[in-house]
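Colleague: Please take a close look at the aromatic pairs in this model. What holds there, and what surrounds them?

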Amino acid sequence: MWEDFKKFALKGNVLDLAIAVIIGAAFGKVVTSLVEDIIMPIVGMLVGGVSVENWSYTFNDVVLQYGLFIQAIIDFFIIAFSIFMVIRIFTNLKRKKDVPAAEEPEVLDKTQELLVEIRDLLSKEKTGQ
């Protein structure tokens, strides 16, 4: 059983997944900080210092804090857009890397040029032009 577990745990896919989860968690913290510490204060300034987090409705003894829900939705869209932009940048960088360089035309010497001309003339005669 131990050998099977080692084979499973040391497979490339499992290690790649573990690394992706760790990097994803770290990236999540960066994006959360971006939203909470930079973007939302700017949004608050633009809307006149209004904070939606404090919006609530009280019905009898029940407090519905719908402002927190609205804030979570705003955070989600900002985080989703940030991730979209990062993925788009990486995809564009990968495309540029994967595109092969344009091949330079082959330089022919005089003999090869003459042979190409003769070939072209012979093909014209065969077609009757």
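Modeller: The structure holds three aromatic pairs. Rings of Phe, Tyr and Trp (its six-membered ring) pair if their centres lie within 6.5 Å; planes under 30 degrees apart are stacked, over 60 edge-to-face, the rest tilted. One of the pairs is Trp-55 with Tyr-66, tilted, at 6.4 Å centre to centre and 50° between the planes. Trp-55 lies in the loop between helix H2 (12–46) and E1, and Tyr-66 in helix H3 (residues 66–98), so the pair ties together parts eleven residues apart in sequence. Helices (H or I, at least four residues) and strands (E, at least two) are DSSP runs, numbered from the N terminus. Trp-55 is partly exposed at 37% relative accessible area. Tyr-66 is also partly exposed, at 39%. Buried means under 20%, exposed over 50%, partly exposed in between (1.4 Å probe, protein chains only).

Another pair is Phe-76 with Phe-77: edge-to-face, 5.4 Å centre to centre, 65° between the planes. Both Phe-76 and Phe-77 are exposed.

Now the loop with Asn-60. It runs between strand E1 (57–59) and strand E2 (62–64). Asn-60 has a positive phi of about 55° although it is not a glycine. Most residues other than glycine have a negative phi. Asn-60 is exposed, with a relative accessible area of 66%.

The model is predicted: local features need pLDDT of at least 70, side-chain atom pairs count only at pLDDT 80 or more, and totals for chains, interfaces and linings use all residues. Numbering starts from 1 along each chain as its sequence is written, and side-chain values use heavy atoms, without hydrogens and water.
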